[in-house]
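Consider the sequence and the model shown here.

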Amino acid sequence: MTDETNTPPADDAATAADTGAGNEAGLDPVEALRAENAELKDRALRVMAEMENLRRRTEKEIKDIRQYAVAGFARDVLTVSDNLRRALEALPGDARDSADAGLTALIEGVEMTERELLNQLDKHGVKKLDPMGQKFDPNFHQAMFEVPNPNVPNNTVVQVVQAGYAIADRVLRPALVGVAKGGPKDAPAQDASVDTTA
């Protein structure tokens with residue numbers, strides 16, 4: 001009988017120990033799962049943000065490729081446009097006025113070809129730069145020489161040697177220009193906070 005009475009308390013102690021260990025083990029796995037869940041959630045959010053950034057970058061690259069794909073071809077075609085313009089400028093004015101019907105038709109054909117070429121370039125986003133009278137901008141113009149001219153401000157484009165072209169915001173070819181020298185300096189912008197009447 002003593003064995004039977006000693007056995008239940010031993011079983012109770014073992015059961016209590018198992019229950020205590022089960023409680024401690026029950027808290028640790030839950031906390032571990034919560035930590036793992038938070039880590040996985042953080043990873044998922046980071047991957048989603050990274051994928052969104054990749055999507056935006058890819059869209060921008062595709063847009064740039066579409067917009068600037070014609071740039072190399074357009075740059076090569078610009079020489080054709082220049083040669084058509086040179087052909088028209090090489091013809092003296094009096095020869096044009098006194099030309100027979102065949103020569104007049106040829107001149108008109110060259111003019112129409114040049115016009116259509118420029119229209120097609122414009123249709124694909126290639127714009128002609130017209131810097132005459134503008135302030136010299138090294139991003140769009142290349143100065144070839146200086147022209148002494150006291151009537152216009154310094155660094156004003158007074159002569160265009162070769163037209164420039166741009167596609168969207170990129171320069172295909174800078175305009176070759178002559179820049180004024182010796183004119184009045186650009187007037188500095190006055191500070192609006194300074195009262196000049198006093």
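Predicted model: local features only at pLDDT ≥ 70, side-chain atom pairs only at ≥ 80, totals over all residues.

Of the 198 residues in the protein chain, 19% are buried. The chain exposes about 14600 Å², and 56% of that area is supplied by carbon and sulfur atoms. Among contacts with a separation of 6 or more, 67% are between residues 24 or more positions apart.

The interior comes next. In soluble globular proteins, nonpolar side chains tend to be buried together. Here the largest nonpolar core has 13 residues, and Leu121, Val126, Tyr165, Ile167 and Leu172 are those with the most contacts inside it. At least two residues of this core come from each of helix 2 (71-90), helix 4 (101-123) and strand 4 (164-167). Helix 2 gives the largest share, five residues. Ile167 can be followed through its contacts: leaving aside neighbours within four places in sequence, Ile167 is in contact with Gln67, Tyr68, Val70 and Ala71, with His124, Gly125 and Val126, and with Leu172.

Helix 4 deserves a separate look. This helix has 23 residues and reaches 32 Å from its first C-alpha to its last, close to the 33 Å expected at 1.5 Å a residue. Which residues of helix 4 are buried? They are Ile107, Glu114, Leu117 and Leu121. An α-helix has 3.6 residues a turn, so residues three or four places apart point the same way. The cover over the buried residues of helix 4 includes helix 2, helix 3 (93-97) and strand 1 (126-129). After helix 4 comes Gly125, with a positive phi near 90 degrees; Gly125 is also one of the residues in contact with Ile167.

The last stop is Gln142, located in strand 2 (residues 141-148). Is Gln142 buried or partly exposed? Its relative accessible area is 39%, so Gln142 counts as partly exposed. Not counting residues up to four places away in sequence, Gln142 touches Phe136 as well as Pro174, Ala175, Leu176 and Val177. Val160 lies 18 residues from Gln142 in sequence, and the two are 9.9 Å apart in space, C-alpha to C-alpha.

Conventions
Residues numbered from 1 in each chain as written. Heavy atoms only, no water. Buried < 20%, exposed > 50% of the residue type's maximum accessible area, 1.4 Å probe, protein only. Contact = heavy atoms within 4.5 Å. Areas by Shrake-Rupley, 256 points an atom, 1.4 Å probe, with all protein chains shown as cover. Core = buried A, V, L, I, M, F, W, Y, C linked by side-chain atoms within 4.5 Å. Helix = DSSP H or I, 4+ residues; strand = E, 2+ residues; numbered from the N terminus. Expected span 1.5 Å × (residues − 1).
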